[in-house]
Amino acid sequence: MQDLNELLAKIGEIKAEIEAGSAELTTSKAVYEFKKTFLDSKQGKISALMKEMRNIPKEQKQDFGKNVNAAKEWALSYFDELDQKMKAEELRQRYESEKVDITMPAKKVKYGNLHPITTVRNQLSDIFMSMGFDVFEGTEIETDYYNFTALNTPDDHPARDMQDTFYLSPEFLLRTQTSAGQVHVMENKKPPIKVISPGKVFRSDDDATHSPMFSQMEGLVVDKGINLCDLKGMLTMFSKQIFGEDTKTRLRPSYFPFTEPSVEVDVSCFQCGGAGCKLCKGTGWIEVLGAGVVNKKVLENCGIDSNEYSGFAFGLGLERIAMLKYGINNIKMLFESDLRVLDQIDD
Ligand code: PHE
């Protein structure tokens with residue numbers, strides 16, 4: 001470079017180059033890199049102009065310096081402004097992409113819940129366990145002996161007709177009642193005995209309130225001096241806990257081969273309080289379970305001295321309790337896994 005005129009022309013070129021080049025820039029990082037090509041102290045095009053000073057005639061040196069400095073100042077503030085604009089735009093874009101619309105309805109999180117039968121079983125188990133009952137789970141496949149014979153229901157006994165049985169072979173069957181577990185428990189444990197036994201049972205029976213597979217919970221207490229009053233007292237406590245504090249219980253005579261005397265247990269209707277409604281068919285009472293004093297013959301079949309010990313047993317249907325509690329009028333609804341039904345039942 002020879003003189004001031006040439007410098008001014010060069011400065012003009014550089015400015016034009018900066019203005020044209022910066023139009024292409026889209027990020028603050030690119031602005032930073034572009035700025036370096038002009039202002040970097042070693043390689044920058046404006047910084048390089050200063051080094052030309054030595055070739056300039058003496059009398060022009062002062063003006064030359066002033067012009068180069070002015071160009072540098074201009075470039076610095078030009079890039080500053082550009083950098084600020086770029087950063088502001090970047091921030092705006094970030095806010096835009098991370099925007100949360102707090103007025104939007106929240107997404108519903110769907111939690112699973114336990115099946116009503118599981119819920120009822122857990123609730124009943126909790127109540128009985130708090131009274132000191134152990135839990136015994138029998139098997140779904142049983143022998144004819146445990147399901148019937150040991151329970152005082154021999155081959156030709158008419159009570160076998162009370163339950164339509166699925167036989168797997170002449171000896172094996174799908175248990176028709178959890179009562180089969182009573183015999184296993186009494187064979188294996190000396191009194192005092194206090195167990196509940198929940199599980200699936202099977203009967204060839206199928207209508208709105210019966211299903212070929214359903215669930216029962218058996219209860220068995222054997223000790224010295226156990227009688228029907230103990231049964232009634234315990235069932236009253238149990239009914240209050242499951243159906244409400246005001247619930248009353250009553251016993252009606254019934255028949256089961258393995259209990260003597262046998263009873264059906266009713267609870268006062270928890271919907272109308274006993275006045276009579278659709279649920280209790282106007283009677284004020286709802287039948288919930290079968291029970292009785294353990295038949296001496298059953299104790300003897302299991303090797304327990306019936307002169308020393310006595311006991312009571314009861315058996316209830318879990319589907320029936322669930323249907324009553326949740327107002328379900330067809331037992332099939334409990335087995336169809338229809339979420340429209342199950343979603344409404346959450347205890
Ligand atoms: N096992 C009887 C039934 O399924 C119920 C029951 C159990 C009755 C225990 C008396 C004692 O119908």
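Author: The side chain of S179 places an N or O atom 2.9 Å from a nitrogen atom of the ligand; such a polar contact is a pair of N or O atoms within 3.5 Å, and within protein one must be able to donate a hydrogen and the other to accept it, while residues adjacent in sequence count only if both atoms are side-chain atoms. This is a predicted model, in which local features need pLDDT of at least 70 and side-chain atom pairs count only at pLDDT 80 or more, whereas totals for chains, interfaces and linings use all residues. Residues are numbered from 1 along each chain as its sequence is written, and side-chain values use heavy atoms, with hydrogens and water left out.

In R203, an N or O atom of the side chain is 2.7 Å from an oxygen atom of the ligand. For Q216, the distance between a side-chain N or O atom and an oxygen atom of the ligand is 2.9 Å. On its own the ligand has 330 Å² of accessible area, and the protein covers 92% of that area (Shrake-Rupley method, 1.4 Å probe; for residues, only the protein chains shown count as cover).

The shell around the ligand has 15 residues, of which Q177, S179, R203, Q216 and E218 come nearest (a residue is near if one of its heavy atoms lies within 4 Å). By class, 8 residues of this shell are polar, 5 are nonpolar and 2 are charged. Here Ala, Val, Leu, Ile, Met, Phe, Trp, Tyr, Cys and Pro count as nonpolar, Asp, Glu, Lys and Arg as charged, and the others, Gly among them, as polar.

The strands may be considered next. At least two residues of the shell come from each of β5 (213–223), β8 (285–294) and β9 (310–317). Strand β9 gives the most, with 3 residues. Strands (E, at least two residues) and helices (H or I, at least four) are DSSP runs, numbered from the N terminus.

Finally, the ligand takes up the space of the largest pocket. On a 1 Å grid over the protein atoms alone, a pocket is an open set of points with protein on both sides within 12 Å along at least five of seven lines. A molecule sits in a pocket if more than half of its atoms lie within 2 Å of the grid points of that pocket.

Conventions:
On a 1 Å grid over the protein atoms alone, a cavity is a set of points where a 1.4 Å probe fits but cannot get out, and a pocket is an open set with protein on both sides within 12 Å along at least five of seven lines; lining residues have an atom within 4 Å of a point.
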